[in-house]
Amino acid sequence: MPDATEEEISKVEQAIFKAGAMSRMLDEKLELQEIAKRITGDEKIEIIQNNIIPVYQCDCSKEHMAEGLATIGKEELRSIIEKEGRAETICHFCNKKYEFSKKELEDIMNTAI
Ligand SMILES: [Zn+2]
């Protein structure tokens with residue numbers, strides 16, 4: 001920002017700092033407008049599209065997890081089936097837990113290379 005004034009720069013810096021608290025505000029389920037106010041420091045802010053509830057949505061699914069399990073390979077899957085008889089995977093992004101029964105693991109093993 002070569003043309004930015006000192007004041008503008010510090011405003012932006014503050015905004016970035018405030019944005020750091022954004023995830024916490026989302027946790028507190030604050031209104032989007034309130035979040036925008038806090039970040040921009042502008043009381044007269046207007047939200048054109050109302051009633052937006054920002055949610056973090058993970059696109060993980062049991063199918064994705066099964067694909068992931070398949071990549072560990074037939075031998076590894078066979079050994080899990082023999083030793084554990086079941087498997088549990090946890091999504092690294094949303095911490096959702098997926099359980100696989102022996103039958104499901106066998107199916108995955110059959111599709112694995
Ligand atoms: Zn997930």
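Author: A residue is buried if 20 or more other C-beta atoms, placed from the backbone, lie within 10 Å of its own, exposed if 12 or fewer, and partly exposed in between. In this chain of 113 residues, buried ones make up 5%. The structure is a predicted model, in which local features need pLDDT of at least 70, side-chain atom pairs count only at pLDDT 80 or more, and totals for chains, interfaces and linings use all residues. Residues are numbered from 1 along each chain as its sequence is written.

Reader: Thanks! How many helices and strands does the chain have?

Author: Six helices and two strands, read as DSSP runs (H or I, at least four residues; E, at least two) numbered from the N terminus. Their order from the N terminus is α-α-α-α-α-β-β-α.

Reader: Which residues form the largest nonpolar core?

Author: A nonpolar core joins buried Ala, Val, Leu, Ile, Met, Phe, Trp, Tyr and Cys residues through C-beta atoms within 7 Å. Here the largest one has six residues: Met65, Leu69, Leu77, Phe100, Leu105 and Ile108. Two or more of these residues come from each of α4 (62-70) and α6 (102-111).

Reader: And what is leucine 105 in contact with?

Author: For a contact, the C-beta atoms of two residues lie within 7 Å. Setting aside neighbours within four places in sequence, Leu105 is in contact with Leu77, Ile80, Ile81, Ala87 and Phe100. Across the chain, among contacts with a separation of 6 or more, 50% join residues 24 or more positions apart.

Reader: Let's turn to helix packing. How do the axes of α5 and α6 cross?

Author: Two packed helices are described by the angle between their axes and by the distance between the axes. The axes of α5 (residues 74-83) and α6 come within 9 Å and cross at roughly 165 degrees, and α5 is therefore roughly antiparallel to α6, the term for angles over 145 degrees. Axes are fitted to C-alpha atoms over the stretch in contact, with angles from 0 to 180 degrees between N-to-C directions.

Reader: Which residues of the two helices meet?

Author: From α5 there are Lys74, Leu77, Arg78, Ile80 and Ile81, and they meet Lys102, Leu105, Glu106, Ile108 and Met109 of α6. By class, the residues of this contact are six nonpolar, no polar and four charged (Asp, Glu, Lys and Arg are charged; Ala, Val, Leu, Ile, Met, Phe, Trp, Tyr, Cys and Pro nonpolar; the others polar).

Reader: One more: is lysine 29 buried or exposed?

Author: Exposed, because Lys29 has 9 C-beta neighbours inside 10 Å. Lys29 lies in the loop between α2 (22-27) and α3 (32-40). The C-alpha atoms of Lys29 and Val55, 26 residues apart along the chain, are separated by 9.5 Å.

How values were computed
Angles under 35 degrees count as roughly parallel, over 145 as roughly antiparallel, 65 to 115 as roughly perpendicular and the rest as oblique.
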